[in-house]
Amino acid sequence: MSDTGFSTPRAARRAEWGVRLHELPLLVGLVLLWTMLWHEISLLSVVSGIVVAVVVMRVFYLPPVELAGRFNPWYALLYLGYFLWHLALASWQVAWLAVRPGPPPPCSVIAVRLRTRSDFILTMVGLTTSLIPGSLVAEVDRFRSILYLHVLNTPTQKEITAMRREARRIERLLVMTVGSREEMRELR
């Protein structure tokens with residue numbers, strides 16, 4: 001028997017079709033989505049949903065998201081406050097840009113290099129930045145931790161630098177909220 005606990009490659013392949021414990025939330029979510037699409041909860045829709053969910057989870061495999069296993073409620077509140085404040089402020093700024101007289105505001109695509117290597121935090125920074133009006137993630141370079149942002153109203157380098165600073169501030173708040181201890185040390 002090999003180190004993996006399987007005697008043959010065929011047995012290893014067969015075990016791959018099983019569901020692991022950390023995949024149960026995804027399985028349940030997919031089965032719920034399946035039953036909602038069929039507009040009924042019956043034995044047939046649940047069983048077929050389980051079969052379809054397992055096939056989808058194996059054909060469209062995603063690597064597991066690694067979490068640091070820590071949560072700081074104080075920084076979570078700071079992050080939430082920062083997000084809500086900037087959401088309201090940016091909404092008013094974008095609304096003014098839409099109705100003010102004159103030419104359309106200049107836009108830029110800027111690269112923001114983040115210090116984190118965590119896919120989870122990189123995704124959360126991108127989502128937060130995109131949810132605040134006036135900026136949108138155009139592309140992500142996951143391996144170099146670079147977000148490419150499309151940003152409204154950037155007539156000078158001052159506004160571009162301010163937007164990079166805002167993205168890094170979001171990253172810092174998220175790292176302090178859910179990041180690993182190594183990431184926290186890197187930020188200091």
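**View 1. The pairing of Ala111 with Tyr148 in β3.** In this predicted model, Tyr148 of β3 is the bridge partner of Ala111. Strands β1 and β3 run antiparallel and are joined by six bridges. Helix α6 packs on the sheet, where it touches β1, β2 and β3, and its direction makes about 40° with that of β1.

**View 2. The open sheet of three strands.** The strands follow the order β1-β3-β2 in an open sheet, and their pairing is antiparallel. At the edges stand β1 (108-113) and β2, each of which pairs on one side only. From one strand to the next, the twist averages 25°. In general, the strands of a sheet pair through backbone hydrogen bonds, either parallel or antiparallel.

**View 3. Helix α5 and its N-terminal cap.** Helix α5, which covers residues 119-131 and has 13 residues, reaches 18 Å from its first C-alpha to its last, close to the 18 Å expected at 1.5 Å a residue. Its N-terminal end is capped by Ser118, a side-chain oxygen of which lies 3.3 Å from the backbone nitrogen of Phe120. The helix lies across β2 and β3, and runs at about 155° to β2.

**View 4. The buried face of α5.** The buried residues of α5 are Ile121, Leu122, Val125, Gly126, Thr128 and Thr129. Seen down the axis of α5, these buried residues fall within an arc of 165°, so they line one face of the helix. An α-helix has 3.6 residues a turn, so residues three or four places apart point the same way. The elements that cover the buried residues of α5 include the helices α4 (73-99), α6 (157-178) and α7 (181-187), together with the strands β2 (135-141) and β3 (146-151).

Terms used:
Residues numbered from 1 in each chain as written. Predicted model: local features only at pLDDT ≥ 70, side-chain atom pairs only at ≥ 80, totals over all residues. Heavy atoms only, no water. Helix = DSSP H or I, 4+ residues; strand = E, 2+ residues; numbered from the N terminus. Expected span 1.5 Å × (residues − 1). Buried < 20%, exposed > 50% of the residue type's maximum accessible area, 1.4 Å probe, protein only. Arc of directions from axis to C-beta. Contact = heavy atoms within 4.5 Å. Polar contact = N/O pair within 3.5 Å; in protein donor to acceptor, adjacent residues only side chain to side chain. Pairing = 2+ DSSP bridges. Axes fitted to C-alpha atoms, helices over the stretch in contact; angles between N-to-C directions.
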